[in-house]
Amino acid sequence: MVRASFDSSTTAANAPSFRLQRIERPAGAVTVAASPDAAFVARINLLARQPVSGARDGAQLKQCVAPDFVVLGAPDRAVTVPAHTAQTLMVLHATPGAFEALTGADVAQVAGPIHGRIIADGLMAGLVERLFDVADSDARLAESLFQTLCLTLVERIRARGSRAPLRGGLTEGQLSRLRAHVESRLDKPLPIAELAALAGLSPFHFARAFKTSMGLAPATWIRLRRLTVGQRLLQDGAMSVAAVAAAVGYDSPSRFSRAFRTMTGETPSQYRRRIAQPAVAS
């Protein structure tokens, strides 16, 4: 589900300096279309942020999902962001003029070298999320957060100047083939060697490139995909827990139940009963 939520205007020229778009629980990777703006796309994990009743160790939950991160889209270039139903994407479209006025830097030159790269920076992801929280209620604070975000990005890029450049990940073609293959075989084993062959890489190089592109090790991403699809099947209510477990590649309902509880803090049966309660009450 996509919601456009806010446009900000600069004081001087009354021209928009940024606009916000929220994409809630996407079914898969999301492509932000090319536009004259730069796009900060913060991926916020919902599971790691929800209170988990009965969870013995919150860290166990966070190990199941990728950390929040930002992907930067350069002006006039589309950018694709990996996502799952357990996440929300928050897209901040920043106009070049506003960015340059704030930072003194050309946004195309800043964003170009890291276009489409995952930026594992909790501060920047947090700034985007906070900006969404206040945009409708406090325009002045929202503008201040936007300024801080732009300045932080420039500072981060300059700090990287003396480091080795980021290594490349998988191409969009490789990612598209892999996603289609995984989706069609969730009920079967998915060994890394099989996926690496599909991408035309050795298992070692595939694992590195996959993590660069997706922010997760292949096995972790596949496990999360199995469980999020399993969660959706449980919501539909048409299949038994045992049938759902088999459909997403678990050889026994008990193994599926343990993995699901680690991810959500509930067993599949508890989860199904809880989401059914509002419907019963109404």
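Modeller: Phe-40, Leu-92, Phe-99, Leu-131, Phe-146 and Leu-153 touch the most other members of the largest nonpolar core, which has 35 residues. Elements giving two or more residues to this core include β2 (16-24), β4, β5 and β7, along with α4 (122-134) and α5 (139-159). This is a predicted model: local features need pLDDT of at least 70, side-chain atom pairs count only at pLDDT 80 or more, and totals for chains, interfaces and linings use all residues. Residues are numbered from 1 along each chain as its sequence is written, and side-chain values use heavy atoms, with hydrogens and water left out.

Biologist: What makes a set of residues a nonpolar core?

Modeller: Its members are buried Ala, Val, Leu, Ile, Met, Phe, Trp, Tyr and Cys residues joined through side-chain atoms within 4.5 Å. Buried means under 20% relative accessible area, exposed over 50%, and partly exposed in between (1.4 Å probe, protein chains only).

Biologist: Which residues does Phe-146 touch, not counting those up to four places away in sequence?

Modeller: Phe-146 touches Ser-17, Phe-18, Leu-92, Ala-94, Ala-98, Leu-102 and Leu-131, where contact means heavy atoms within 4.5 Å.

Biologist: How many residues of strand β4 are buried?

Modeller: In β4 (residues 38-45), 8 of 8 residues are buried. Ala-38, Phe-40, Ala-42 and Ile-44 lie on one side, and Ala-39, Val-41, Arg-43 and Asn-45 on the other. Strands (E, at least two residues) and helices (H or I, at least four) are DSSP runs numbered from the N terminus.

Biologist: What makes two strands a pair?

Modeller: DSSP must find at least two bridges between them. β4 and β7 (residues 87-94) have 8, in the antiparallel sense, and therefore count as paired. β4 also runs antiparallel to β5 (residues 69-73), with 5 bridges; there Ala-42 has Val-70 as its partner.

Biologist: Why is the pair of Phe-206 and Phe-210 called tilted?

Modeller: Rings of Phe, Tyr and Trp (its six-membered ring) pair if their centres lie within 6.5 Å; planes under 30 degrees apart count as stacked, over 60 as edge-to-face and the rest as tilted. The Phe-206 and Phe-210 centres are 5.6 Å apart and the planes stand at 50°, so the pair is tilted. Both residues lie in helix α8 (residues 203-214).

Biologist: How do you know that Phe-210 is buried or exposed?

Modeller: Its relative accessibility is 4%, so Phe-210 counts as buried. Phe-206, at 0%, is buried too.

Biologist: What kind of aromatic pair do Phe-260 and Tyr-271 form?

Modeller: Their centres are 5.5 Å apart with 65° between the planes, an edge-to-face pair. Phe-260 is in helix α11 (residues 253-264) and Tyr-271 in helix α12 (residues 268-281).
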